[in-house]
Each structure stands twice: as C-alpha cells, then as structure tokens.
Amino acid sequence: PFITLSLFYSLNFHFLLLALFILPFTCNIFHSKMPEVVPNFSNSVKLKYVKLGYQYLVNHILTFLLVPIIIGVTIEVLRIGPEELLNIWNSLHFDVLQILCSSFLIISIATVYFMSKPRSTYLVDYSCYKPPVTCRVPFSTFMEHSRLILKDNPKSVEFQMRILERSGLGEETCLPRPIHYIPPTPTMEAARGEAEEVIFTAIDDLMNKTGLKPKDIDILIVNCSLFSPTPSLSAMVVNKYKLRSNIKSYNLSGMGCSAGLISIDLARDLLQVHPNSYALVISTEIITPNYYKGSERAMLLPNCLFRMGGAAILLSNKRRDQYRAKYRLIHVVRTHKGADDKAFKCVFEQEDPQGKVGINLSKDLMVIAGEALKSNITTIGPLVLPASEQLLFLLTLIGRKIFNPKWKPYIPDFKQAFEHFCIHAGGRAVIDELQKNLQLSGEHVEASRMTLHRFGNTSSSSLWYEMSYIEAKGRMKRGDRVWQIAFGSGFKCNSAVWKCNRTIKTPTDGPWQDCIDKYPVHIPEIVKL
C-alpha cells in the first residue's frame, strides 16, 4: 500500500509538471536572452557541486522515498518470528473461486498490457554515401564557374563569393559531374545517373555491413525533395534489387531537409502494424536538376550551400535484432507551420523573371525556423527532460508570476537529457542560433559544424553524416541519448531521439574514414577568397 500510494502521488506530481511546462515554455525560450554570467560565482566549483547534488536528489526522489519504507517493512518482518508468520499464513482462508478470478484478472491485464505495448523500433545500421574525389568542388573552382556562367552579372558573382566566404563549407565538398560542365547540363538522364550512383552505393554498403538480402526487405521508403521522376525512385530501387512483389514501398517528395525524420516516423508506424519486418529508408537530395542558373540572389543561395550526399538506414522490429542493433528509437516529434503563409513560402520553388526555376529562400527563414523549433521543443521537453529541470522551470515560472515579472525565465538545460546533438547542417547560421538558444558547448555542435565543413548541406541525409562523425570519434557509448533536429520546407521542424544499444567501436570504414584524424578543424568566421 505504501509503495502504491507513493507511486500514485509521484505520477500525479509529474503530470502536473508536464501540464504547467508546456504552455509557458512557448513564450519564453526564444524571446529571452541568455542568462548573464555572474563572475566568481556561477562558474565556481562549489556551485557546480550544489547543482549536481540538486539534480541527483530531485531525479532520484522516488528512490529516496521508497528505500526507507522498504527498509522499515523489512525490519518489521524480521522482528516477527517464523512461528507467528506461519500462524498468520494458516489463519488466511483461500476461496478457490476467488483465486481463479484473481488469476484470470491478472492474466487478462498482463495480456492487454503486452498486446497494447508499442513494438520497439531498432536501427540495425546505416550507411552514408561518400562522393568520389573527382566530384570535389574547391572554392576556386566554384567561383571560376560562377564567373563564366554569370559573366554578364558580376554583382551576383560577388554575392556568391560573400556567401561562400561565410558559409562554413570546406574545400572538399562535392557536386555531381553534370554541374562541373560549363554550362551545366542538368538533363533527366544525368539526374537519374546521380540518383543511381548515390542510392545504390549507399544500399550496397549497408547490405555488406548487415548481411541483408533484398528478399528480406519488407518496407521501402525513399525521400528526395526536388527530384521526383516517373517511375519513382522507390520503383528504381525495387527494379535494381529485384525486391519482392508484395513490398510496401513509399516515395516522399517536396518535404525538404526534414524529410529524413518524416521517413523514420513513417517507417516506425508501419513497423507497428507489420510484425517481424525490416524497413529500408533512403534519404537523399539529387542536385543535378536543381542547380539554379539565373541571377536572383535569394535563389543563388542554395547553389552555395547544397552538395551531393545520401544515406541508407535499416530499421527493424524483430526482437532478435535488439542485441546487434546500434540504436533504439525513443521519440519522434513533428511540428508543421504550414498554416502560416510566411512559413509556407519561406522556402519556395519558383521561376525567376527570366523563367529559370530555383529555390527562393526568404529573409524571414531564421525567424520562422526559431518559431518552429520553439513549438517542437515545447512538445519534446516534457518527454525527455529530467524532473530537476522541469522543477526549476516551474519554480521560476511561479516566481515570475507571483513575485517579480522581471525575473529572467529559466531555459531548461537539454544537456541533462542528451549526450549528443545532431543539428541539421543547413548552414552556419542555423547551427549558431541553436547553439546559442539551447546553450550548447562547442563540442555539442562539433559534429554539425564538421559535417557542414566536409560535406556541405546534404539535405535530409546530413543527420546521418553527423551521427557517423560521433561514431568515428569513438564517443558513442551504451546508454547515450542522441537528439536529431531537422528543418524543412513547408515549414517543418522535426526531432528524433535515439538511445544507443551498445558501445560502438570506432568504424574502419564510412564517409569519415580518410579524414577523421584531422577533425575537428578551426573554421574562421570569414574565409577570404
């Protein structure tokens, strides 16, 4: 009875925290400034240990309450002699009907619980496409091509140079071969060629890693935002690998850089209703047909940031895979701001005045991304933050409402919920803003910055290059939690939370194989070209 009562009050207390956490969190997290650092106090060793002690106490409060009760009950039982315990047992009268009814009730409840419990989704392994060195585009090559292609518009060339100088990209990013021609040749045949090279290479590598055979694949999901041929890319994969005729295949397009996590969410839902299945997810963006050849500045920006890349991910709901799988999917939270006109049009494919098609990036993009992230973490916060952080936020909120409205709002420390952060490498500004607003250290955003530097913005697959970077550095340990955050057109902000199943050995292959030793590198604010 004591344990049941304690659990009851503890659960209700947490539900109260969650209810109070959601509404005000939206108003405060992004519109507030970062807390000021107080010299010689906030960084003191004593305060550090006080905070650690507080976190440990609050996060384990239920244990501290139950242990004395259990000890007291145990001592009381030991004080009662064996004869008295035997007398108490003999004095109990058991009715056969009551025993049968109780047993049936317990079995029924247990059956309903296990039948309604969601199936676990495991990430067995994944593979990232590494472009050949022949596709490399150094700054000098990119700018030379820009001057030749836009020779009648020197201001647009200068604009691209300024963007490239501040982009955070390195000298080893890659573009598909048709873009290397002067002028570029973005034909349908060339686009299909790029898709086949990227997707098939990633799938072949994944099959070699996992021993997966084509006939084992039950679900296939391919996401590519801007290139949507007929037959679809998913049909192309089915044809190449001669997949089963009853395979459940899906092709997602037009969903932007966050489509990778949308595909993961779709795969998870399908694995809930199809037991004992494998799901193959392909995330990529085909650059060839989407290289803008006009002179509008807002539409030239993607040319400077987007580079070729792709990833293949194998998911499973088979119990036997829980031991070999790298990660287990914990949460997926999706936020869609498409009801707002500005958010809907902030990343928009359109024609320029000369009739050339490109992607127009709005000046309001960062503001809209901040609003979307605010809504997303308002939802994910109560799911992942420890009780100590939620309690601090609650107390600060009460203090501001009752005592002093000028108190600085408390921004929860998401470092208490996650060991690793994979922030979509959409651009330097995106990473900077998230680092500032979530109060992350340089090491927490290292994977995102180095991925942007080495591979550029590879759209929906960038999260997997970042995960691969963390593994290549030997930092992924059993029990570690990973937060993947991605943004996409529409406008969307999506999050996925993974938990590492086993300590991952430093891989001997992968996209970082030949360069991981030189990373991290210093990335200056401006690279003079």
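**Reading helix packing**

Tutor: In this predicted model, H7 passes H12 in a right-handed crossing, meaning that the near helix is turned clockwise from the far one by less than a right angle. Helices are DSSP runs of H or I with at least four residues, strands are E runs of at least two, and both are numbered from the N terminus.

Student: What describes two packed helices?

Tutor: Two packed helices are described by the angle between their axes and the distance between the axes. Here the axes of H7 (residues 154-166) and H12 (residues 297-305) come within 10 Å and cross at roughly 45°, the axes being lines fitted to C-alpha atoms over the stretch in contact, with angles from 0 to 180 degrees between N-to-C directions. That makes H7 oblique to H12, given that angles under 35 degrees count as roughly parallel, over 145 as roughly antiparallel, 65 to 115 as roughly perpendicular and the rest as oblique.

Student: Which residues in H7 meet which in H12?

Tutor: Contact means heavy atoms within 4.5 Å; among the residues that meet are Phe-159 and Ile-163 in H7, and Leu-300 and Leu-301 in H12.

Student: Is Cys-135 buried or exposed?

Tutor: Cys-135, in the loop between strand E1 (122-128) and helix H6 (139-149), has 0% relative accessibility and therefore counts as buried (under 20% relative accessible area, with exposed over 50% and partly exposed in between, using a 1.4 Å probe and protein chains only).

Tutor: Residues are numbered from 1 along each chain as its sequence is written. Local features need pLDDT of at least 70, side-chain atom pairs count only at pLDDT 80 or more, totals for chains, interfaces and linings use all residues, and side-chain values use heavy atoms, leaving out hydrogens and water.
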